[in-house]
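Visitor: Please give me a close look at a single part of this model, the interface, in one connected account. I would like the cut-off behind each term stated where the term comes up.

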2 protein chains.
Amino acid sequence: MSNPGSLRAVSTSAIIVAAGQGQRFGGETPKQFALLGGKPVLVWTLRQFETCPEIDEVVIVVHQDWLQQVKADILAHEQFQKVSRVVPGGVERQDSVSAGLSSLSASVEYVAVHDAARPCVRAEAISRVVLAGRAYGAATLAVAINDTVKRVREQVVCETLDRSSLWAVQTPQVFKYDLLIQAYRAASKDHVYLTDDSALVERLDYPVRIVEGDSDNFKLTVPGDIKRAESILIPG
Amino acid sequence: MSNPGSLRAVSTSAIIVAAGQGQRFGGETPKQFALLGGKPVLVWTLRQFETCPEIDEVVIVVHQDWLQQVKADILAHEQFQKVSRVVPGGVERQDSVSAGLSSLSASVEYVAVHDAARPCVRAEAISRVVLAGRAYGAATLAVAINDTVKRVREQVVCETLDRSSLWAVQTPQVFKYDLLIQAYRAASKDHVYLTDDSALVERLDYPVRIVEGDSDNFKLTVPGDIKRAESILIPG
């Protein structure tokens with residue numbers, strides 16, 4: 001990765017979070033390993049990071065039970081040059097990102113955190129958010145919200161929000177390595193558990209930049225989402 | 001529709017709003033008339049209302065320029081028993097719904113307002129929201145928001161919202177006829193223009209009930225959405 005003799009000054013590592021159990025997805029196979037056009041979801045996700053020129057290294061975080069299967073079955077069949085290691089995750093998403101962070105060398109300058117269950121991310125979008133992360137220190141892909149959003153209590157609308165300023169954030173989210181480490185330490189110290197890395201960085205009052213992505217980069221949530229992802233990824 | 005001699009006590013009319021110009025969709029054909037699996041989007045939408053047993057009558061609101069084309073081309077090729085008329089819309093969505101409302105007979109008891117650009121709505125979901133509208137006076141289909149939502153100013157995150165209580169509302173939205181008429185009169189009097197009928201009813205402090213729908217019932221926004229709708233509507 002970081003090579004003092006090269007012209008390449010910036011080292012950017014990606015942490016692919018693939019450790020979730022995905023209760024709403026159902027079945028015995030977590031969604032990130034479900035088959036999509038005959039290949040595990042994770043493979044589709046990795047391909048985009050592999051081809052993105054702004055990514056130097058990829059670390060995959062998986063549940064302990066899937067460690068061998070990912071190494072022996074999934075990675076053995078694909079030629080990913082950038083995947084440097086597969087590490088076991090923790091109970092919560094935050095524990096898993098933390099495990100990924102701990103596995104990185106301290107020479108890494110920027111970290112892109114991405115959910116494996118977003119296989120429709122495009123290499124071009126990864127590049128854009130990495131460049132924004134390098135320019136501003138913290139950046140996330142996001143899409144403007146088209147639907148009207150309501151705050152609801154006990155199945156009754158209590159407020160209609162002003163949607164003009166609302167964005168749904170996606171991943172990758174890209175941060176200066178030192179900043180993300182600091183955010184994770186602060187969260188751990190304060191016993192804060194969140195599923196959104198940007199929010200951990202916002203807690204430090206650091207401004208997070210929005211990079212416009214597109215709605216195809218959705219997170220697989222229910223089994224029917226596989227069909228939607230196939231319609232995006234497999235032309236025809 | 002309302003037949004004093006029948007056992008059917010409730011008359012429910014649907015207003016299908018198909019009058020928009022859809023700037024983000026591009027092209028010369030508004031999205032509600034774009035071809036989806038060889039048929040105009042509007043036809044797919046109408047089929048679900050046609051087969052929904054809770055809907056007694058359907059009124060379509062279109063832009064003046066499309067009036068003849070909808071009648072002569074689109075409706076002439078399909079056998080919709082429930083479509084009673086096609087009326088010209090106005091400049092804003094609110095004007096169009098208003099035109100649809102004005103065309104209904106005063107004997108209508110409940111009104112379901114639906115955007116033609118949501119062709120993936122299911123008859124079964126229409127039934128559920130109509131039943132809730134009859135039970136509570138005002139109801140809307142909606143889906144819980146899975147992504148983290150941020151309030152953004154000048155491309156920088158300023159707030160992460162508590163997503164546990166956030167729902168994205170869809171259509172149909174179903175209201176007691178008198179209530180919706182009252183909401184539209186109040187909005188007109190106060191010069192309020194909104195794209196969400198529920199918000200107009202909320203202005204009267206009337207509680208709007210949330211009915212859980214599903215994410216397939218999305219609103220066509222960009223040309224790529226046609227492919228997504230085809231993957232939902234056309235088994236393959």
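**The interface, in detail**

Guide: Over all chains, a search of the whole structure finds 32 salt bridges, a salt bridge being a side-chain nitrogen of Lys or Arg within 4 Å of a carboxyl oxygen of Asp or Glu. This is a predicted model, in which local features need pLDDT of at least 70 and side-chain atom pairs count only at pLDDT 80 or more, while totals for chains, interfaces and linings use all residues. Residues are numbered from 1 along each chain as its sequence is written, chains are lettered from A and ligands numbered from 1 in the order in which they are written, and side-chain values use heavy atoms, with hydrogens and water left out.

Across the interface of chain A and chain B, the rule finds six salt bridges. One of the pairs is K150(A) with E202(B), whose side chains meet at 2.6 Å, N to O. Residue pairs in polar contact between chain A and chain B, both residues at pLDDT 80 or more, number 26; a polar contact is a pair of N or O atoms within 3.5 Å, where within protein one must be able to donate a hydrogen and the other to accept it, and residues adjacent in sequence count only if both atoms are side-chain atoms.

On the side of chain A that touches chain B, at least two residues each come from strand 8 (148-153), strand 9 (156-160), strand 10 (166-176), helix 6 (197-202), strand 11 (209-212) and helix 7 (225-233) of chain A; helices (H or I, at least four residues) and strands (E, at least two) are DSSP runs numbered from the N terminus. Strand 8 of chain A gives the most to this side, with five residues. By residue type, the side of chain A that touches chain B holds 15 nonpolar, nine polar and 14 charged residues, where Ala, Val, Leu, Ile, Met, Phe, Trp, Tyr, Cys and Pro count as nonpolar, Asp, Glu, Lys and Arg as charged, and the others, Gly among them, as polar.

Chain A and chain B each bring 38 residues to the contact, which means heavy atoms within 4.5 Å. Between them the two chains bury about 3400 Å², 46% of it on carbon and sulfur atoms; buried area is the accessible area (1.4 Å probe) that two parts lose on being put together, summed over both.

In chain A, R151(A) lies in strand 8, and its side chain reaches the backbone oxygen of D162(B) at 3.5 Å. Leaving aside neighbours within four places in sequence, the contacts of R151(A) include V157(A), E159(A), L161(B), S165(B) and L166(B).

Strand 10 of chain A contains P172(A), and the peptide bond from T171(A) to P172(A) is cis, with omega near 5°. In chain B, a cis peptide bond with omega of about 5° joins T171(B) and P172(B), and P172(B) is found in strand 10 (residues 166-176) of chain B.

As for how the copies are arranged, a rotation of 180° with 0.0 Å of shift along its axis superposes chain A on chain B, at an RMSD of 0.0 Å, by least squares on the C-alpha atoms of residues with pLDDT of at least 70 in both. The two copies are therefore related as by a two-fold rotation axis. The same surface serves both copies, as 100% of the contact residues of chain A recur in chain B.
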